[in-house]
Amino acid sequence: MKNEKSYDCSKCPGYCCSYPLIEVSKSDIARLAKHFDVDYETAEERFTLYDKEEKVRGLRKQKDEFFGTVCRFFDIKARRCTVYEARPATCRSYPYVKSCGYWEFLKFERDLQDDEKFVAMTR
Ligand code: SF4
Ligand code: SF4
């Protein structure tokens with residue numbers, strides 16, 4: 001089947017991986033545990049944090065030059081996910097539709113700057 005995506009994650013700095021909270025379920029943690037060959041408790045502790053405000057568990061973060069913070073699994077040099085096959089369900093379904101608003105924004109700004117590597121900020 002033809003790939004109908006109108007965005008190209010390989011050319012994007014990874015806006016969606018910089019969300020303040022990237023929620024994970026128990027099955028997401030179990031998948032990560034299997035991927036890293038560790039037990040569930042180790043994966044939960046090592047890869048996630050409980051968000052007291054939202055009352056859910058999310059992926060841990062790391063510092064990032066563009067977004068301030070980004071998911072701990074994001075390769076901040078190559079700008080890509082390092083656990084693609086084992087990524088959480090929310091990452092699999094994002095951006096939920098065939099287009100990505102961030103990509104449209106980025107394309108617009110890159111055309112404007114006439115620079116295909118320009119990293120446009122959202123704030
Ligand atoms: S923000 Fe959109 S284009 Fe960029 S990595 Fe995420 S889904 Fe892909
Ligand atoms: S697990 Fe991968 S796709 Fe999901 S937020 Fe982290 S780096 Fe991005």
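D115 lies in the segment that follows helix 4 (101-113), where helices are DSSP runs of H or I with at least four residues and strands are runs of E with at least two, numbered from the N terminus. The model is predicted, so local features need pLDDT of at least 70 and side-chain atom pairs pLDDT 80 or more, while totals for chains, interfaces and linings use all residues. Residues are numbered from 1 along each chain as its sequence is written, and side-chain values use heavy atoms, without hydrogens and water.

D115 is partly exposed, because its relative accessible area is 34%; buried means under 20%, exposed over 50%, and partly exposed in between (1.4 Å probe, protein chains only). Together with D111, D114 and E116, D115 forms a negative surface patch. Such patches consist of residues with over 30% relative accessible area and no salt bridge, like charges being joined within 9 Å and nonpolar side chains (Val, Leu, Ile, Met, Phe, Trp, Tyr) within 5 Å. A salt bridge places a side-chain nitrogen of Lys or Arg within 4 Å of a carboxyl oxygen of Asp or Glu.

V56, in strand 2 (residues 56-59), is buried, with a relative accessible area of 18%. Leaving aside residues up to four places away in sequence, V56 touches L21, E23, L49, Y50 and D51, a contact being heavy atoms within 4.5 Å. The C-alpha atoms of V56 and S27 are separated by 14 Å, with the two residues 29 apart along the chain.

The protein chain as a whole has four helices and six strands, in the order α-α-β-β-β-β-β-β-α-α. Of its 123 residues, 31% are buried.

Methods
Chains lettered and ligands numbered in written order. Areas by Shrake-Rupley, 256 points an atom, 1.4 Å probe, with all protein chains shown as cover. Lys, Arg positive; Asp, Glu negative; His and termini not counted. Charge placed at Lys NZ, Arg CZ, Asp CG, Glu CD.
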